Amino acid sequence: MAFENIRPANESDLSRIAEIFVFNNRVNYFPIFKDESFSFSELQVRTVLERFPDIIGSPENTYVYDDGVIKGFTVVSDKEITKLYVDTFFQSRGIGGVLISFAKKVLQAERLWVLEKNIKAIKFYESHGFIKSGGRKPEDGTDEWLTEMRKESKNA
C-alpha cells in the first residue's frame, strides 16, 4: 500500500487540522454529549490552535493526508492512535483506511481508545483489524466511557 499522500504535519497545517477536528467533534460528539456550550462556544478553531498539544497532541506526532488539500490526519504516540479524523466532506473515500494503515505499518500503532457510543468509529476500527480488548476508562469530565481497542494478533 502506498502512502504517498501522507506526510508529517507542519506549522502551516495546524489551522486546517484544528478545523477538521472541530467540525468532526460537532458532527460526531454533539449528538452524544448534547453540550451546546462546549460544542458551539468553547470548541473553536482558535481555541484548538492555542492549545494544540493539549487538545490534538504533539505536532511532531501528527501526520496529514494531503493530496493537494488536507483531508484528514492522525496522531500516534507510543504506539497508540490518539487521533484519527477525516474531514466529513471526504469520508467514505478510503482516506481513513490509508491513515490507519499508515499508523499501523509505519508508526507501529497497536492500540487506541474510542468512545463506547461512537458505534461508527468502532465498526471502522474493527474493519481495519482492531478488536475490543475489554479495557474501559471514563472519558474525562463526562459520564461517558471509552473502550480500548487493540490490533488483532495474526497468531491468535
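Reader: What percentage of the 156 residues of the protein chain count as buried?

Author: This is a predicted model. In it, 45% of the 156 residues count as buried.

Reader: Which elements does the protein chain have, and how do they run from the N terminus on?

Author: The protein chain has six helices and seven strands. Their order is β-α-α-α-α-β-β-β-α-β-α-β-β.

Reader: How does the radius of gyration of the protein chain relate to that of a compact globule?

Author: A compact globule of 156 residues would have a radius of gyration near 15 Å, and the protein chain agrees, with 15 Å. Its C-alpha atoms fill a box of roughly 45 × 40 × 25 Å along the principal axes.

Reader: How many salt bridges does the count come to?

Author: Side chains of opposite charge can pair when their charged atoms come close. Here the count comes to eleven salt bridges. One of them joins the side chains of Arg16 and Asp87, at 2.7 Å from N to O. Arg16 lies in helix α1 and Asp87 in the loop between β4 and α5, so the pair ties together parts that are 71 residues apart in sequence.

Reader: Are Arg16 and Asp87 buried or exposed?

Author: Arg16 is buried, at 17% relative accessible area, and Asp87 is buried too, at 8%. The cut-off for buried is under 20%.

Reader: Which strands do Glu80 and Arg111 lie in?

Author: Glu80 forms a salt bridge with Arg111, with the closest N and O atoms 3.7 Å apart. Glu80 lies in strand β4 and Arg111 in strand β5, so this pair ties together parts 31 residues apart in sequence. Both Glu80 and Arg111 are buried.

Key: Residues are numbered from 1 along each chain as its sequence is written. This is a predicted model: local features need pLDDT of at least 70, side-chain atom pairs count only at pLDDT 80 or more; totals for chains, interfaces and linings use all residues. Side-chain values use heavy atoms; hydrogens and water are left out. Helices (H or I, at least four residues) and strands (E, at least two) are DSSP runs, numbered from the N terminus. The radius of gyration is taken over C-alpha atoms; the globule rule is 2.2 Å times the number of residues to the power 0.38. Buried means under 20% relative accessible area, exposed over 50%, partly exposed in between (1.4 Å probe, protein chains only). A salt bridge is a side-chain nitrogen of Lys or Arg within 4 Å of a carboxyl oxygen of Asp or Glu.
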